[in-house]
Amino acid sequence: MTSLLTSAFIYLFAAVVAVPVSKRLGLGSVLGYLLAGVAIGPILGLVGQETERVQHVAEFGVVMMLFLIGLELDPKMLWALRTKLLGLGGLQVILSIGAIAGVAHLLNFSWEMSIAIGCVLAVSSTAIVLQTLGEKHLLNSPGGQSSFSVLLFQDIAIIPILAFLPMLASPELIDSLHSAEQHSDNLLDGVNNYVKTLITFSVIGSIIFGGYFLARPIFRYIAASRTREIFTAFALALVIGIAAMMSAIGLSPALGTFLAGVVLANSEYRHELESNLEPFKGLLLGLFFITVGADINFSLLFNDFTVILGITLLFILIKAIVLWGMGLIFRLDRLNRNLFALSLAPAGEFGFVLLSFSQQNGILPREITDKLLLAVAISMLLTPFLFIAYDKLIVPRASHQQQRENDTIEDQNDVLIIGHGRYGQIISGMLMSCGYKPTVIDYDATLVEGLSRFGLKTYFGDGSRYDLLETAGIAKAKLLVIALDDKEQAIQIAHFAHHFYPNLPIITRAYDRLHVYDLYRAGARNIVRETFDSAIRSGRLALEQLGMDKEKAKQIAEFYYHRDRHGLAEMASLYDPEISVFSNERMIARAKELEQETKSMMLTLLAGGKVDWQPGEENRSGE
């Protein structure tokens with residue numbers, strides 16, 4: 001018992017230490033789990049022979065993951081993505097497997113092993129790629145959307161791959177596995193093939209029938225008990241039972257649970273199932289990757305480093321060429337084509353799953369899976385660096401090549417608006433509706449060309465360039481509106497305008513309080529936090545929902561609106577960019593005083609009294 005608890009503590013503690021560090025470094029949680037396994041296994045030697053037994057349990061995390069993937073597959077969403085999903089995704093998987101298998105066969109592997117190697121290396125890392133695309137705000141770009149479609153198809157394709165791989169098994173490897181195991185859990189061993197096929201289809205049919213007709217009444221009965229742990233227990237029992245039933249007839253447990261997930265995808269209990277199983281899936285899947293890391297053969301890595309690095313770079317290059325060609329076929333521009341190829345070229349976490357599956361089912365021998373495991377791990381480690389190369393090398397070069405000359409600004413109007421995105425468009429639209437004709441400048445060529453089709457005149461140019469502002473007539477303008485989402489550029493323009501044209505009114509967009517303070521120091525006074533008004537409205541609605549009279553809620557919201565702006569102006573005057581806001585004692589002290597004053601005044605208003613305070617001129621610096 002003590003050894004079991006000690007091992008559990010080592011595994012969990014290693015994950016708690018390694019995963020947050022890995023995510024902070026931009027490497028993702030999967031590599032964090034792998035590094036945790038490397039630390040407690042090959043490096044420190046804290047775990048040993050029990051790793052294989054732990055891995056058998058942890059592999060259930062993969063089964064749960066595929067069940068949850070099945071739950072996410074809304075048929076309407078799949079139909080909407082059918083072109084990219086089947087076109088891009090299907091083509092990528094087939095071409096990548098074919099290309100890698102062809103090269104492997106040229107290196108004297110059998111066709112069976114070559115195809116298996118292609119299946120292992122063709123898939124990419126959903127966890128790392130989607131996380132990195134999201135952090136870099138690239139997920140909504142054409143390259144990001146194409147990558148998402150391919151990753152979604154890869155997740156679905158794992159099921160047919162798992163079903164297909166056993167057909168590639170080597171009789172010699174299977175015999176050696178059977179002699180080592182000495183017995184089989186397959187209840188259909190020795191059964192006539194016709195009977196075996198009948199039983200197999202009956203089991204799959206029972207899963208579909210049960211999901212459609214039996215699951216809802218059972219879920220309804222359990223939900224009526226209002227006992228959360230019983231619902232969790234049933235969710236676990238459902239997945240475990242299906243996995244056990246599939247294993248008993250020699251089929252992949254993942255196939256059965258994925259099928260059950262798809263059947264239950266439209267169930268009203270889908271979200272409850274997800275929330276109950278997600279923690280178990282995450283923990284077991286993390287444990288699986290730890291055992292993979294603990295099982296890495298470092299002596300093999302050091303002895304055959306050149307070979308393993310060569311394998312890694314070779315399959316990354318093959319996949320990148322395939323992906324780049326597909327981007328060309330599907331008409332992605334050069335920049336998005338490069339993003340698409342670089343993000344998906346490395347292998348992914350499913351590679352570890354397929355390698356483990358291939359070894360256990362006599363498809364690939366241990367000496368090959370060990371080398372491929374290292375190649376997959378190294379390629380995933382390279383993924384963040386490929387994104388860095390994209391940011392630092394490819395994007396600047398593409399920007400330089402595609403740079404468009406600034407438009408010649410013919411008009412010099414009373415109002416100059418810098419930035420015509422979702423924020424600037426509302427301002428320009430309101431002014432034009434009132435008969436004003438603002439000069440609008442934006443640096444997004446696609447947006448400028450698109451808006452021109454709607455009859456909205458927008459000049460292309462970099463609004464932070466002082467010569468462009470002079471050409472646009474800033475010297476004669478009566479108002480400058482800075483509607484950019486780039487914080488530094490907004491500060492730069494505000495500083496220039498205030499320094500050279502101190503009498504020019506400036507209205508500028510701010511991201512948050514700290515941005516307000518910087519803009520205030522730059523000389524801006526009419527500063528609008530982009531989410532402030534909507535937050536005040538939400539607070540007013542919250543008061544109404546809690547039972548406050550609408551008129552009273554409106555009065556309170558309006559008063560708080562002015563008090564917050566007044567406080568923000570005072571904070572801006574005390575702000576020092578050389579000192580952290582949380583270390584500025586003067587700001588902290590004044591903030592506490594203002595909060596207490598505001599609370600006292602609000603309580604007076606709620607009691608029906610009057611407050612002897614009026615917004616001052618400095619209040620204009622807030623909104």
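**Fold, sheet and selected residues of a predicted model**

At 79% relative accessibility, Arg 331 counts as exposed, because the cut-off for that class is over 50%. The residue sits in the loop between helix H16 (305-329) and helix H17 (334-344). Most residues other than glycine have a negative phi. Asn 108 lies in the loop between helix H6 (82-106) and helix H7 (111-122). Its relative accessible area is 74%, so Asn 108 is exposed.

The model is predicted. Its mean pLDDT is 82, and 88% of the residues score at least 70. Helix H10 (residues 171-181) has the lowest mean pLDDT, 62, whereas strand E4 (residues 479-482) has the highest, 94. Where pLDDT is low, the predicted coordinates should not be read in detail.

The protein contains 27 helices and six strands. Of its 623 residues, 46% are buried. The exposed surface comes to about 32600 Å², with carbon and sulfur atoms supplying 61% of it. Among contacts with a separation of 6 or more, 75% join residues 24 or more positions apart.

The six strands form an open sheet, in the order E3-E2-E1-E4-E5-E6, with parallel pairing. Strand E3 (459-460) and strand E6 (526-529) are the edge strands, and each pairs on one side only. Strands of a sheet pair through backbone hydrogen bonds, either parallel or antiparallel. Strand E1 (residues 415-418) pairs with E4 over four bridges, in the parallel sense. Ile 418 stands opposite Ile 482 in E4. Helix H20 (residues 424-433) packs on this sheet. The helix touches E1, strand E2 (439-442) and E4. The direction of H20 makes about 160° with that of E1.

Two residues in helices were examined next. Thr 232 belongs to helix H12 (residues 228-248). Its relative accessibility is 14%, so Thr 232 counts as buried, the limit for that class being under 20%. Leaving aside neighbours within four places in sequence, Thr 232 is in contact with Asn 276 and Phe 280.

Leu 255 is found in helix H13 (residues 253-263). At 23% relative accessibility, this leucine counts as partly exposed. Beyond its neighbours within four places in sequence, Leu 255 contacts Ile 159 and Met 246. Leu 255 and Pro 160 are 95 residues apart in sequence. In space, their C-alpha atoms are 8.0 Å apart.

How values were computed:
Residues are numbered from 1 along each chain as its sequence is written. This is a predicted model: local features need pLDDT of at least 70, side-chain atom pairs count only at pLDDT 80 or more; totals for chains, interfaces and linings use all residues. Side-chain values use heavy atoms; hydrogens and water are left out. Buried means under 20% relative accessible area, exposed over 50%, partly exposed in between (1.4 Å probe, protein chains only). Contact means heavy atoms within 4.5 Å. Accessible areas come from the Shrake-Rupley method with a 1.4 Å probe; for residues, only the protein chains shown count as cover. pLDDT is the predictor's confidence in each residue, from 0 to 100. Two strands pair if DSSP finds at least two bridges between them. Axes are lines fitted to C-alpha atoms, for helices over the stretch in contact, and angles run from 0 to 180 degrees between N-to-C directions.
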